[in-house]
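Try each task on your own before you read the solution.

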Amino acid sequence: QTFIDSHQDTEKDLSIVRNAILEYQPPTTNQTPYRILLSQLETFERDLFVHALIEDRILIPRALQLETKLSELYRSK
């Protein structure tokens, strides 16, 4: 539960960074590194989205179940 309460929404922060980068207009001689950066950032965002789904739908619910079971076991002893 502590993890849930203190977990930050990194996706929003990453979106702010991406939008700031998109406002930049690189010189025509420097387009390739800029496009590579945007492509890598997009890949990272997709990976982070998958990570968040796994965390939210599998890991956190399972951890909460285990925490509840351990609390019940501890109280019963």
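**Exercise 1. List the residues that line the largest pocket of this predicted model, and find out which elements supply them.**

Step 1. Start with the lining itself: it is made up of H7, Q8, D9, T10, E11, L48, H51, A52, E55 and D56.

Step 2. Now look at the elements. Helix 2 and helix 3 each give two or more residues to this lining. Helix 3 gives the most, with five residues.

**Exercise 2. Find the salt bridge formed by E45, and work out which parts of the chain the pair ties together.**

Step 1. The partner of E45 is R18, and the closest N and O atoms are 2.8 Å apart. That falls inside the cut-off, which asks for a Lys or Arg side-chain nitrogen within 4 Å of a carboxyl oxygen of Asp or Glu.

Step 2. Check the accessibility of R18. Its relative value is 26%, so R18 counts as partly exposed.

**Exercise 3. The structure holds two salt bridges. Describe the one formed by E42.**

Step 1. E42 pairs with R46, with 2.9 Å between the closest N and O atoms.

Step 2. Both residues sit in helix 3, where they are four residues apart, about one turn of the helix.

Step 3. Are these residues buried, partly exposed or exposed? The partly exposed class lies between the buried limit, under 20%, and the exposed limit, over 50%. E42 has 46% relative accessibility, so it is partly exposed. R46, also at 46%, counts as partly exposed too.

**Exercise 4. Which residues form a nonpolar patch on the surface, and how much accessible area do they have together?**

Step 1. Gather the members: F49, V50, I54, I58 and L59.

Step 2. Taken together, these residues have about 480 Å² of accessible area.

Step 3. Take V50 as one of the members to check. V50 is found in helix 3, and at 45% relative accessibility V50 counts as partly exposed. A patch member needs over 30% relative accessible area, so the value of 45% for V50 passes that cut-off.

Terms used
Residues numbered from 1 in each chain as written. Predicted model: local features only at pLDDT ≥ 70, side-chain atom pairs only at ≥ 80, totals over all residues. Heavy atoms only, no water. Buried < 20%, exposed > 50% of the residue type's maximum accessible area, 1.4 Å probe, protein only. 1 Å grid on protein atoms, 1.4 Å probe; cavity = no way out; pocket = protein on both sides within 12 Å on 5 of 7 lines; lining within 4 Å. Patch = residues over 30% accessible without salt bridge, like charges linked within 9 Å, V, L, I, M, F, W, Y side chains within 5 Å. Areas by Shrake-Rupley, 256 points an atom, 1.4 Å probe, with all protein chains shown as cover.
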